[in-house]
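Subject: Structure for your review

Dear colleague,

Please find below the structure that I am handing over to you. My notes on what was found in it follow directly after.

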Amino acid sequence: MGEKNKPSQTWTDFENLVCFPISCRSLPHSCSTLRGKIAALYNSFTSKPLKEHIFPPLMDMLIYFNFYKAPFLVDLKKPESKIPHTVNFYIRVEPRVMLGIWHTVPSCRGEDAKGKDCCWYEAALHDGNPIIVYLHGSAEHRAAPHRLELVKVLSDGGFHVLSVDYRGFGDSTGKPTEEGLTADAICVYEWTKARCGATPVCLWGHSLGTGVATNAAKVLEEKGCPVDAIVLEAPFTNIWDASVNYPLLKIYQKLPGCVQVLMDALRKDRIVFPSDENVKFLSSPLLILHGEDDRTVPLERGKKLYEIAHDAYRHKERVKMVIFPPGFHHNFLYKSPILLKTVRDFLSEQWA
């Protein structure tokens, strides 16, 4: 009798139980929170000049150019399609940063390397052949043709080469920053030193990579672990100085006040790469290579860096600069018939 007299459920009750789950009952509060976040973002945006929203990201794009991932349609996990006796592997630098690296062994070990896995290549770092950690310039990735040609020359010369894609380049995860690229280089260098025994390891930086190399070398020097050697190919003094001559930025130089705005953006983003200051604190053997007809980073920048380093080094014989005749521009020093001998002679003398 009691059951028959129990009122039936109303449409409102049905809506509450079925159509509107418990999580949706807090909708007014969620909307209020969302409105607060939108207001905060709006206030943050309007509190700064428009140029502060535009130019720092623009400078990031122009300096690193990592969004240009040429050559395209290359499977970075399969390096053997581009360069022999090479294996692909990854190193985790931070929880969300994984670096893609190609390890090319010396050509004299090419036959031994056939069909071998990453473990064999890692063990090969202990074979006594010198090792180069190659830090490339802006744009593209470790399979760029001019980078592969340099690696082949070094491999034929008896070097192991670890070609690193910084965070945000190639298939490496993360976003590029000066601090991040420096951490990447340090991580790869220390990883290599932990596996190579007494075999010397050289940091080789090209263009933007020269700033990464000197940053990393300074940090390692401060840790009491000087880099075994440093090669700087087409270096600049600092990024502010280099940016004035950077091809993509020359477009903006004719616009009134634009250069100053871009420089301010570099400061805001803390992009400096101060090689001219870093070399004052180094003791590692330092070889500077520069092409006479380099239009991307003019020869004068390399000469200036050499003068600063030579003045600062206590042992002057540890610093050397070699200038290559016209014909090699910014990316093609590997074509010089004297490149390999120049590098081997310098390193052999320093490591004797």
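Helices (H or I, at least four residues) and strands (E, at least two) are taken here as DSSP runs, numbered from the N terminus. On that basis, the protein chain has 15 helices and eight strands. Please note that this is a predicted model, in which local features need pLDDT of at least 70 and side-chain atom pairs count only at pLDDT 80 or more, while totals for chains, interfaces and linings use all residues. Residues are numbered from 1 along each chain as its sequence is written, and side-chain values use heavy atoms, with hydrogens and water left out.

Overall picture

A residue is called buried under 20% relative accessible area, exposed over 50%, and partly exposed in between (1.4 Å probe, protein chains only). Of the 352 residues of the protein chain, 49% are buried in this sense. The accessible surface of the chain is about 17800 Å², and carbon and sulfur atoms account for 58% of that surface. These areas come from the Shrake-Rupley method with a 1.4 Å probe; for residues, only the protein chains shown count as cover. Contact means heavy atoms within 4.5 Å. Among contacts between residues at least 6 apart in sequence, 75% join residues at least 24 apart.

Salt bridges

A salt bridge is counted when a side-chain nitrogen of Lys or Arg lies within 4 Å of a carboxyl oxygen of Asp or Glu. By this rule there are 14 salt bridges. One of them pairs arginine 167 with aspartate 184, with the closest N and O atoms 2.8 Å apart. Arginine 167 is in the loop between strand E4 (160–164) and helix H8 (178–193), and aspartate 184 is in helix H8, so the pair ties together parts that are 17 residues apart in sequence. Both arginine 167 and aspartate 184 are buried.

Helix H8 also holds lysine 193, while aspartate 228 lies in the loop between helix H9 (208–222) and E6, so this pair ties together parts that are 35 residues apart in sequence. In the salt bridge between aspartate 228 and lysine 193, the closest N and O atoms are 2.8 Å apart. Lysine 193 is partly exposed, at 28% relative accessibility.

A further salt bridge joins the side chains of lysine 280 and glutamate 277 (3.2 Å, N to O). Lysine 280 is partly exposed at 42% relative accessibility, and glutamate 277 is partly exposed at 37%. Salt bridges that share partners also join Glu94, Arg167 and Asp184 into one network.

Two buried residues

Asparagine 238 sits in the loop between strand E6 (229–233) and helix H10 (239–243). Its relative accessible area is 14%, so asparagine 238 counts as buried. A polar atom of the asparagine 238 side chain lies 3.1 Å from the backbone nitrogen of tryptophan 240. Neighbours within four places in sequence aside, asparagine 238 is in contact with Val272, Phe273, Pro274 and Asp276.

Leucine 148 belongs to helix H7 (residues 145–156). With a relative accessible area of 7%, leucine 148 is buried. Leaving aside neighbours within four places in sequence, leucine 148 is in contact with Lys82, Ile83, Trp102, Arg142 and Ala143. The C-alpha atoms of leucine 148 and tyrosine 334 are separated by 9.8 Å, although the two residues are 186 residues apart along the chain.

With kind regards

Definitions and conventions. Polar contact = N/O pair within 3.5 Å; in protein donor to acceptor, adjacent residues only side chain to side chain.
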